[in-house]
Amino acid sequence: MAAYRWKSFNDDGDRPEKPRRYGVTEMKGPNYSLFSRGLLEDVFESMGHFVDGLKLCDGSHTVMPKNYIKEVTDMAHKHNVYVSSGDSADQMLRRGPSSLKEYIEECKQLGFDSIELDVASLGLPEETLLRYVRLIKSSGLRAKPQFSVKFNKSDIAFAGDRAFGAYVIPAPQTSEMVEDVDLLVRRAERCLEAGADMIMINADDLCRQAGLLRSDIVAKIVGRLGLEKTMFEASNPKISEWFVKRYGPKVNLIVDHSQVMDLECLRGRNLGQNHSSVLGRSYFLL
């Protein structure tokens, strides 16, 4: 591997070399926006050892030329990076149950390694979801069901300063209600039993108020499923920082490509928000 003056991978460090089972960093790809092959190549050349997977978000690859997608997947594989289809399977399944087999075959031809199933968007019966997981696995691809936890924001405790006895206007009720987390975990456990490789949790809403309400739900999910089989999608850098501080460098995270280096700094040195005093200019390749 390339030599970094501030970073090395070994079994005694934050996590081992690729391919990794834990401490995985999955990088988000294009989301209906320009994401050129040159930019991908730059990311992989400079930070490829820190990137385990590439996720093409929101079905963006369904509107791209197939030859372009194949070039992207080949480039990722050259740097030992797996490629996930994102949550586009729900768009295919609206055409009918039989379309999933065609979708899986197309993903294999294009070089995808993993297929994501957005449980909330699909709204599938549990047995149907498990059948889809088994079908993906029998085709030789990885299955990654994604779960979301919805909550009522008006239930979050007031965190601001106020005078003693002052009246606080109640927050209006919303339609976002807390799901039964035990039910979510049970479904996730059944997906793992059916062969799912990783359970994804959308952490954006879940952890925006982590210090107030959501950290207990995260703790229950991690406690039941384990860090190795759970991956959290964190669009906000503060959320990914919270995860590393709370659960250490071995937590699996999905972040934007612009956050990969900062996340690696957090994993490698637990540096917190300001790691310039430790890295300085030394994080460049030798």
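Modeller: A nonpolar core is a set of buried Ala, Val, Leu, Ile, Met, Phe, Trp, Tyr and Cys residues joined through side-chain atoms within 4.5 Å. The model is predicted: local features need pLDDT of at least 70, side-chain atom pairs count only at pLDDT 80 or more, and totals for chains, interfaces and linings use all residues. Numbering starts from 1 along each chain as its sequence is written, and side-chain values use heavy atoms, without hydrogens or water.

Colleague: What share of the protein chain is buried?

Modeller: Buried means under 20% relative accessible area (1.4 Å probe, protein chains only). The protein chain has 286 residues, and the buried share is 50%.

Colleague: How many residues are in the largest nonpolar core?

Modeller: Four members touch the most others: Phe44, Ile221, Phe232 and Phe243.

Colleague: How many residues form the second, separate core?

Modeller: Val24 and Tyr82 belong to it. Met200 and Met231 are also included. The second core has six residues.

Colleague: What percentage of the contacts with a separation of 6 or more joins residues 24 or more positions apart?

Modeller: Take the contacts in the protein chain with a separation of 6 or more.

Definitions and conventions:
Contact = heavy atoms within 4.5 Å.
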